[in-house]
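Subject: Structure handover

Hello,

Please find the structure below. My notes on its pockets, cavities and helix packing follow.

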Amino acid sequence: MRPELAQAIELLRSNAPEEVEKAIELLQNTVFSFSMKVCGHREDAEDTMQEVLYRSLRHLVRIDDPSALAVWLYTVTRNRCWRMRRRSAHAGKQVSLDELMPGQPELARLLQDSAPGPEERAVKSAEQDLLQRAVLRLPPQLRIVLVLHDMEELDTGELAAILGLKPGTVRVRLHRARLLLRQEFSRLTQTRQRVRGPAKRAGRPTKPIKGKSAVSTRTQQCRDLFRNLSEYLDGRVETPTCDLMREHIEACPACVAFIRDLQASIDRCRTMKAPCSPSTNLRLRALLAREYLRLLGVAGTAKGSKSP
């Protein structure tokens with residue numbers, strides 16, 4: 001869970017107008033950012049933020065637990081986004097794990113340069129745009145799990161409460177969502193490279209392809225590992241199984257390259273930003289802060305005023 005929610009709870013409990021307004025700003029950014037990642041449209045995200053926060057004020061008065069706040073806030077926001085979401089061409093797409101498993105050409109490409117430098121891992125503005133487009137290509141039931149877990153930092157239990165699913169179902173959807181996002185991002189990146197031409201890598205000679213046998217022959221161990229990669233990367237695999245998986249990975253260049261690429265995709269999600277414009281929502285923030293204080297029965301106004 002994002003630390004901003006715990007901070008917002010503390011600020012709200014001060015009952016001081018300036019602190020309450022700071023809390024509302026944190027909640028504005030949280031709701032807007034989540035809505036943008038799920039819906040992809042600024043106007044929809046702003047409308048959602050305004051409606052959700054206004055509806056949440058009475059609940060904010062009673063909620064003391066940050067986790068409970070997260071479950072409430074994301075549930076209401078998700079419902080609002082789903083009601084107004086625009087139909088996507090990818091909305092009904094069903095993908096099997098076999099389709100998400102990389103083929104020989106992709107593994108060869110990953111093995112071609114299996115140790116990218118730090119400059120290639122930096123999330124640039126162009127990559128942010130591609131990432132947002134890739135997220136919107138995911139089916140809604142996978143997209144919502146990915147955004148809540150890898151971008152909004154909620155845990156499996158909180159997701160299960162928000163979505164009304166069993167924890168095991170959440171984990172299965174998260175794994176599929178991560179794999180599909182990696183695949184869609186890769187496709188978009190390759191399309192952009194074809195349009196712009198191959199990028200030059202100064203001072204970095206092309207490496208020979210290693211481990212061709214690993215590319216041409218996918219063992220059952222590779223497939224078993226592939227099905228449990230998210231559990232492995234999130235440290236949720238029991239020690240004996242984890243040791244077996246690690247032993248296979250260390251002996252399989254193709255798996256090493258793919259895991260590195262999947263982890264890079266997860267890292268991009270965790271650093272994705274969709275900030276709310278402070279100037280656009282300054283007046284709304286002041287109004288919401290005043291209404292919150294009125295509900296509390298506290299005499300006060302928004303920022304810049306003193307309580308009598």
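What volume does the second largest pocket have? The second largest pocket has a volume of about 220 Å³. Its lining counts 13 residues, and those closest to the centre are Arg-2, Glu-4, Asn-29, Ser-33 and Lys-273. Helix 2, residues 17-39, gives the most to this lining, with five residues. Sorted by class, the lining of the second largest pocket has five nonpolar, three polar and five charged residues.

Before the rest, the basis of these values. This is a predicted model, in which local features need pLDDT of at least 70 and side-chain atom pairs count only at pLDDT 80 or more, while totals for chains, interfaces and linings use all residues. Residues are numbered from 1 along each chain as its sequence is written, and side-chain values use heavy atoms, with hydrogens and water left out.

On a 1 Å grid over the protein atoms alone, a cavity is a set of points where a 1.4 Å probe fits but cannot get out, whereas a pocket is an open set with protein on both sides within 12 Å along at least five of seven lines; lining residues have an atom within 4 Å of a point. Grid points are joined across faces, edges and corners, and a volume is the space filled by probe spheres set on the points. For classes, Ala, Val, Leu, Ile, Met, Phe, Trp, Tyr, Cys and Pro count as nonpolar, Asp, Glu, Lys and Arg as charged, and the others, Gly among them, as polar.

Cavities. The structure holds two cavities of 30 Å³ or more. The second largest cavity has about 40 Å³ of space and is lined by Leu-97, Asp-98, Met-101, Arg-223, Phe-226 and Arg-227. Helix 5 (97-100) and helix 13 (220-227) are the elements that give two or more residues to this lining. The largest share, three residues, comes from helix 13. By class, the lining of the second largest cavity has three nonpolar, no polar and three charged residues.

Helix packing. Helices here are DSSP runs (H or I, at least four residues), numbered from the N terminus. Axes are lines fitted to C-alpha atoms over the stretch in contact, with angles from 0 to 180 degrees between N-to-C directions; contact means heavy atoms within 4.5 Å.

Helix 2, which also lines the pocket, packs against helix 9 (residues 140-151) at an angle of about 140°, with the axes 10 Å apart. That makes helix 2 oblique to helix 9 (angles under 35 degrees count as roughly parallel, over 145 as roughly antiparallel, 65 to 115 as roughly perpendicular and the rest as oblique). In this contact, Phe-34, Lys-37 and Val-38 of helix 2 meet Arg-143, Ile-144, Val-147, Leu-148 and Met-151 of helix 9. These residues divide into six nonpolar, no polar and two charged.

The axes of helix 9 and helix 10 (residues 156-163) come within 10 Å and cross at roughly 140°, so these two helices are oblique to each other. From helix 9, Ile-144, Val-145, Leu-148 and His-149 meet Leu-159, Ile-162 and Leu-163 in helix 10. This contact has six nonpolar, one polar and no charged residues.

Helix 10 and helix 11 (residues 167-196) have axes that come within 9 Å and cross at roughly 100°. That makes helix 10 roughly perpendicular to helix 11. Thr-156, Leu-159 and Ala-160 in helix 10 meet Pro-167, Val-170 and Arg-171 in helix 11.

Regards
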